[in-house]
Amino acid sequence: MTVSSMTTTVDRAVAQSRVPANPWGLVRRALVYVLLSLAAFVSIFPFYWMVVGATNTSADIIKGKSSLGSALITNATAFFTQVDAVRIFWNSGVIAVVATVLTLAISSLAGYGFEMFRSRVRERIFGFLLLLLSIPFAAMMVPLFVMFSQAKLVNTFAAVILPTVASIFIIFYFRQTTKAFPTELRDAARIDGLKEWQIFLYVYLPVMRSTYAAATIIVFMANWNNYLWPLVVLQTAENKTITLILSGLTAAYTPDYGLILFGTVLATLPTLVIFFLLQRRFVEGMLGAVK
Amino acid sequence: MIRTTSRWRNTLSVALTGISLFSVTAASAGEISVWVWDKAFNGDTMREAGALYTADHPDVTFNVDDTASQDDIRAKLQTQLLAGSTEGLPDIVLIQDDIAQKYLQSFPGAFEPLSDYIDMSVFAQYKVAAATHDGKSYSVPFDSGVTGLFYRSDFLEQAGFTAADLENITWDRLIEIGTEVKAKTGKPLLDLDLNDTGVIRMMMQSAGEWYFNEDGSLHITDNAALKKSLETYAKLFQADLVKPVSGWAEYTGAFTSGEVAVVPVGVWITATIKANADQSGLWGVAPIPRLDMEGAVNASNQGGSSWFVLSSSDNKEETIDFLKTVWAGNVDFYQDILIKRGAVGSLLAAREGEAFKASDDFFGGAPVWQNFSTWLSQVPSVDYGTFTAEVDSAVQAQVPGIIEGGDLDAALQAIHDQAQQQMQ
Amino acid sequence: MAQARLDRRENITGWVFIAPALILLGLFMIYPIVWSLWMSFQVGKGMNLSFGGFANILRLTKDPVFLRALGNTFTFFIFQVPIMIVLALLFAVALNDSTLKFRGFFRTAIFLPCATSLIAYSTVFKSMFAIDGVVNQTLMQLHLIGEPISWLGDPFWAKVLIIMAITWRWTGYNMIFYLAALQNIDRSIYEAARIDGVPAWARFRYLTIPMLKPVILFTTVISTIGTLQLFDEVANFTAGTGGPSDSTLTLSLYIYNLTFKFMPSFGYSATVSWVIVVLVGILSFLQFLIARDRRTS
């Protein structure tokens with residue numbers, strides 16, 4: 001969408017509806033708050049239940065108690081006795097961080113490349129990749145396992161990370177957001193004599209930081225919660241991730257829900273921290289970053 | 001600018017070395033690894049067995065992994081067997097009896113025929129039969145799934161019933177009792193998960209039937225026991241005696257928090273019930289009701305699992321010797337795991353031990369283990385076949401309609417058709 | 001958006017940018033894909049496989065469970081994706097207004113569901129929608145229903161529950177993409193429009209939507225794939241059965257069952273997987289086509 005076409009759209013919109021300032025503005029504002037509050041309440045409730053559950057005994061949780069309890073220490077002790085927490089969180093952390101960094105680097109390069117340097121062949125490849133995105137993972141698990149087994153990489157973090165880093169999903173995302181990247185910036189940089197990789201690193205990357213922020217959250221979360229592949233490829237208990245461990249705890253004959261909810265709260269924290277740290281990026285405009 | 005790029009390069013190189021650092025430590029020789037799915041029950045039981053063996057064989061150590069669920073174990077095992085990669089597979093894996101045949105037939109050669117080394121006649125025969133394929137037995141039986149009707153004696157008492165009223169009754173009689181109990185206490189008789197056909201299967205097996213004929217073909221439309229089971233199942237709902245639940249947490253939650261009066265279930269639930277120490281003395285166990293038909297008995301089975309040895313094991317000799325010494329020979333061990341874990345093993349000789357004769361105050365001082373042993377000997381032996389999961393799924397599809405009063409014969413026909421289609 | 005032909009150097013640069021991704025994808029996807037395509041022509045159980053030609057495709061057309069799963073998956077797709085996309089867009093636009101108070105709080109709150117663990121969320125949902133749960137009690141007190149709804153026991157309501165659950169979980173997730181994209185829009189255009197007296201809805205319709213179109217297209221395609229691969233919710237809410245009466249059975253859950261629960265039948269489950277690929281291919285093509293049409297008109 002070019003600037004000129006945008007202005008004509010605006011002109012058309014203006015012509016179509018030359019109405020004075022909406023007298024219902026206040027009512028509408030109130031309505032927005034009510035709806036957002038409602039959505040916030042519905043969204044927070046299960047999270048609240050999870051946090052409160054971590055302070056209750058298993059029996060109380062089953063009875064549906066939803067107020068703060070006094071079993072937090074008991075649950076924490078039980079969790080840390082039963083789960084080698086430092087090791088398990090370290091595993092999850094290393095996998096998620098390394099995978100996120102590599103995914104962002106490789107996939108954003110590709111997304112940029114597909115959009116900025118279009119050619120018929122690459123368009124075909126891109127269309128093909130989109131199709132591949134839809135193959136259910138279960139269909140590819142056995143051959144992938146064969147490959148990693150032959151490479152003697154079974155039960156390593158590399159086996160968990162490597163298949164995820166070239167993410168079609170994230171390539172697609174970067175390609176779509178790159179459409180909003182002003183080509184004038186690139187042209188200006190070229191005139192200044194910057195090389196293509198410099199343009200990517202010093203012009204594109206800072207400008208697109210809200211996109212990178214969103215992608216970081218999404219990719220980190222996906223890797224942190226990744227289940228089926230790590231389940232199959234990580235075999236010894238000391239190499240497992242927190243997501244796998246929690247799933248195993250839930251499947252016990254007599255699950256200790258206090259312990260499990262304490263674990264799930266801990267397991268949720270990293271994603272939330274990353275969201276808190278990055279959410280400011282959603283407020284800053286792209287063009288502000290360039291100025 | 002230069003600093004930024006070098007920082008990038010550093011991050012990447014640190015990341016890459018990170019990956020290569022975390023490589024595998026393969027299971028060392030002399031270590032027997034085991035996959036189980038419940039820490040407190042089969043995990044600790046296996047650890048205890050391992051400790052016994054290590055005491056006499058200090059060079060053998062055990063690595064019991066209880067961090068995966070049963071579904072997860074199936075997914076892992078199946079992916080690896082199909083990929084033809086045995087690296088990382090354990091020496092011993094626990095498998096539930098009703099899916100054993102599926103594995104034995106799908107993955108020939110993957111499991112070690114244990115009847116070549118261990119005398120199988122020392123175990124409950126219906127357990128051995130579940131893992132026998134082409135004349136060889138592939139498992140050392142672990143826990144029995146013999147069923148009982150666990151009940152809240154206090155609720156029944158309020159409605160004027162005693163333990164004797166639950167002995168040798170039919171499901172129809174239980175429905176009458178349940179109606180009374182509900183009228184007096186307001187409690188539903190039992191809780192059932194619509195997505196779990198366990199109780200239907202339990203009823204059917206108590207009449208000595210299963211989904212299949214001897215030749216493996218479907219036994220559905222002409223299966224009187226299945227028809228009667230579905231009818232009884234529907235009656236429970238129609239009499240408004242069921243609290244419908246969804247999932248394991250709600251299922252166990254309903255009876256451990258005193259919302260329902262009875263639980264017809266396998267003996268392995270004992271630990272879950274006894275976990276609520278404040279309910280001690282309020283529980284009893286009766287034989288399960290029988291179907292109102294010829295050949296039905298007051299005993300059945302639900303679940304139960306066995307130990308399988310993978311042919312790929314590096315320590316096959318020690319592994320089999322371990323199973324033979326402890327699991328097929330140590331009667332005291334079985335007393336121990338019964339007391340500590342509530343695990344009713346399948347070694348016949350173990351039943352004569354002290355623990356099995358003891359009474360339990362939690363269940364009002366009744367000799368519950370003795371009772372379970374008696375019922376165990378009455379469990380009709382059935383052939384679980386290879387397609388139980390497929391037929392279960394077909395039954396589940398018809399259950400809501402049956403509860404609403406749908407035609408039973410039409411439902412059986414539909415189950416047959418769907419299962420037939422799935423069994424390819 | 002006509003683009004001038006790339007010169008040779010630019011063409012090579014284009015390849016260089018996508019090369020790392022292509023190499024990795026080639027390494028980790030080509031073999032598995034060829035393998036699963038080959039498998040879809042195999043019949044048999046476990047490791048006892050033989051070439052079956054089109055037997056699996058024939059089996060598909062006669063499989064009532066597959067047809068049910070296909071129907072359910074489509075129902076989820078048709079109702080859930082539009083509701084979620086519209087909601088996410090509205091939340092994003094509302095939260096992008098810099099004069100709004102408590103923005104940070106609302107943003108975090110609406111994002112929370114996708115970060116909440118599946119275990120916690122499915123447990124809470126199940127207990128809230130249990131027969132004697134808080135939802136039924138509220139509805140009865142409001143006299144909206146005469147007797148409790150069996151949310152997980154009734155085929156129709158179970159579907160409704162699943163749609164509500166996925167919408168709850170993924171709306172905030174989609175909102176992130178929109179929020180990020182809204183930052184890439186030049187604020188001065190909005191300012192100009194506001195000064196010219198363009199009402200809010202018109203700014204939304206004629207400025208926001210067109211500028212977000214690439215990202216809307218992205219989220220639509222992603223949500224389509226996500227819904228066609230729907231597994232977590234149905235598996236957790238129904239103990240992996242897709243019940244009651246297969247009313248919530250999805251293609252993905254069926255594939256999982258065929259692979260791990262039933263007699264292992266990899267050939268057939270691979271065939272069902274390829275059905276999803278074909279469906280996504282058709283749907284994505286349609287979505288791109290619609291997006292393109294609007295662009296030219």
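Reader: What makes Leu31(A), Leu35(A), Leu38(A), Phe41(A) and Val42(A) a nonpolar patch on the surface?

Author: This is a predicted model, in which local features need pLDDT of at least 70 and side-chain atom pairs count only at pLDDT 80 or more, while totals for chains, interfaces and linings use all residues. Residues are numbered from 1 along each chain as its sequence is written, chains are lettered from A and ligands numbered from 1 in the order in which they are written, and side-chain values use heavy atoms, with hydrogens and water left out. A patch is made of residues with over 30% relative accessible area and no salt bridge, where like charges are joined within 9 Å and nonpolar side chains (Val, Leu, Ile, Met, Phe, Trp, Tyr) within 5 Å. Accessible areas come from the Shrake-Rupley method with a 1.4 Å probe, and for residues only the protein chains shown count as cover. Leu31(A), Leu35(A), Leu38(A), Phe41(A) and Val42(A) form such a nonpolar patch, with about 520 Å² of accessible area together.

Reader: In which helix does Leu35(A) lie, and what makes a run of residues a helix?

Author: Helices (H or I, at least four residues) and strands (E, at least two) are DSSP runs, numbered from the N terminus. Leu35(A) lies in helix α2 of chain A, residues 25–53.

Reader: How many residues of chain C and chain A are in contact, and how much area do the two chains bury?

Author: With contact meaning heavy atoms within 4.5 Å, 92 residues of chain C touch 101 residues of chain A. Buried area is the accessible area (1.4 Å probe) that two parts lose on being put together, summed over both; for chain C and chain A the value is about 8,700 Å², 77% of it on carbon and sulfur atoms. On the chain C side, Phe17(C), Phe28(C) and Asn184(C) lose the most area to chain A, together 9% of what that side buries. Between chain B and chain A, about 3,600 Å² is buried, of which carbon and sulfur atoms give 67%.

Reader: Why are β2 and β6 of chain B said to stand at the edges of their sheet?

Author: Two strands pair if DSSP finds at least two bridges between them. The open sheet of 5 strands in chain B has the order β2-β1-β3-β12-β6, with mixed pairing. β2 (61–65) and β6 (139–141) of chain B each have a single partner strand, so one side of each is left without a neighbour in the sheet.

Reader: What makes β1 and β2 of chain C a pair?

Author: Strand β1 (residues 42–45) and strand β2 (residues 48–51) of chain C run antiparallel and are joined by 4 bridges. Val43(C) has Ser50(C) as its bridge partner in β2(C). In the hairpin of β1(C) and β2(C), which has 2 residues between the strands, Gly46(C) takes a positive phi near 55°.

Methods:
A salt bridge is a side-chain nitrogen of Lys or Arg within 4 Å of a carboxyl oxygen of Asp or Glu.
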